[in-house]
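Take a look at the model below.

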Amino acid sequence: MKIRVLGSGAGGGFPQWNCNCNNCKRIRAGEMNGKKRTQSSIAVSSDNENWLLINASPDIRTQLEAFPAIQPKHGLRDTGIKTVLLIDSQIDHTTGLLMLREGKPLDIYCTEMVKQDLTTGFPIFNMLSHYCTVNHHPVPIDGGSFTIPAIADLRFYTQSLKSKAPPYSPHRHDPHDGDNIGLVIEQISTGKQVYYAPGLGEIENHVMANMLNADCVLVDGTFWSENEMIDLGLSKKPAAEMGHLPQSSKGGMIEILNGVPKARKILIHINNSNPILDEDSDPHRQLLQAGIELAHDGLEIDI
Ligand code: MLT
Ligand code: MN
Ligand code: ZN
């Protein structure tokens, strides 16, 4: 299978439009050894022709323009995007759906909880229905598997994650299974697996089991430290309150991934405040030493 990283940044992207933090300022000025990043999304295919879009970023236009394999090929209106899967109802993962409104019916796979958010607190399904039909397909939250007719040779397993529903969710302060999911993508013919979870608040047993089985993990790279946003004066929220496990803390992502010997390990959904974005920084070196890569926009992973 092939995974294309369309956007490797967290909400806001890198640099964020209104941010003058050390990272954003330096990358804008061309004074950092690093890469700009658009907001979080990947696409997966087993035939390089029919793609599942996983999350729909506000930056989707730029992302599709940068990726010829997904562009129109046959007839007057066409796309390689055959279906969409959403892992949560966050702005950075769903707003791009509005940019797909000129398409044919949109087949969207997501949990009932995500559908609820997207028809109430952030009612983009309702809005889209004035432009194109939205066909909602519910996905399991217990690790159950399913296949998607237009996407050959791939099987998907989805399971609820302990994280946070977005601020506009009617149940923001009353977590439900299915607010967020982790995703295993398996190629049926080869048995190879990728585990994708750009928002991981906690490493539950099933998360660890999925990572140990996987040939590649693409996991939460949002923050380096728990109080990063607070220390930089950017927010009052620690990483945990935003549903993200930082890399450097005790029991954090570096330690967790040290216990995952088999998989290729890649961080994704990297926030603009994260010091790992500076490729000359000590945190960046620490990641590389731990055998962990940083996803960047346009990265293609063949598994
Ligand atoms: C998050 O995952 O916490 C988001 O990136 C926040 C946001 O989109 O504002
Ligand atoms: Mn996000
Ligand atoms: Zn910034």
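Which pocket does ligand 1 take up? Ligand 1 takes the space of the second largest pocket. Keep in mind that this is a predicted model.

Start with the shell. Five names surround ligand 1: Gly11, Asp92, Met242, His244 and His269. By class, one of these residues is nonpolar, three are polar and one is charged. Met242 is the nonpolar member. Asp92 is the charged one.

Now turn to the polar contacts. Asp92 places a polar side-chain atom 3.0 Å from an oxygen atom of ligand 1. For His244, a side-chain N or O atom is 2.9 Å from a ligand 1 oxygen. For His269, the corresponding distance to an oxygen atom of ligand 1 is 3.2 Å. Taken alone, ligand 1 exposes 270 Å², and the protein buries 71% of that.

Next comes the metal. The zinc ion is ligand 3. Its protein donors are Cys19 (SG), Cys21 (SG), Cys24 (SG) and Asn272 (OD1). They lie 2.3 to 2.5 Å from the zinc ion. Along the chain, the donors follow the spacing C-x1-C-x2-C-x247-N.

Why is the arrangement around the zinc ion (ligand 3) tetrahedral? The four donor atoms subtend angles of 101 to 119 degrees. Four donors count as tetrahedral if all angles lie between 85 and 135 degrees, so the zinc site qualifies.

Notes. Residues are numbered from 1 along each chain as its sequence is written. Chains are lettered from A and ligands numbered from 1 in the order in which they are written. This is a predicted model: local features need pLDDT of at least 70, side-chain atom pairs count only at pLDDT 80 or more; totals for chains, interfaces and linings use all residues. Side-chain values use heavy atoms; hydrogens and water are left out. A residue is near a molecule or strand if one of its heavy atoms lies within 4 Å of it. A polar contact is a pair of N or O atoms within 3.5 Å; within protein, one must be able to donate a hydrogen and the other to accept it, and residues adjacent in sequence count only if both atoms are side-chain atoms. Accessible areas come from the Shrake-Rupley method with a 1.4 Å probe; for residues, only the protein chains shown count as cover. On a 1 Å grid over the protein atoms alone, a cavity is a set of points where a 1.4 Å probe fits but cannot get out, and a pocket is an open set with protein on both sides within 12 Å along at least five of seven lines; lining residues have an atom within 4 Å of a point. A molecule sits in a cavity or pocket if more than half of its atoms lie within 2 Å of its grid points. Donors are N, O and S atoms within 2.8 Å of the metal (3.2 Å for Na, K and Ca); water is not among the atoms, so sites may look incomplete. Four donors count as tetrahedral if all angles lie between 85 and 135 degrees; four count as square planar and six as octahedral if opposite donors are over 155 degrees apart and all others between 65 and 115; anything else is irregular.
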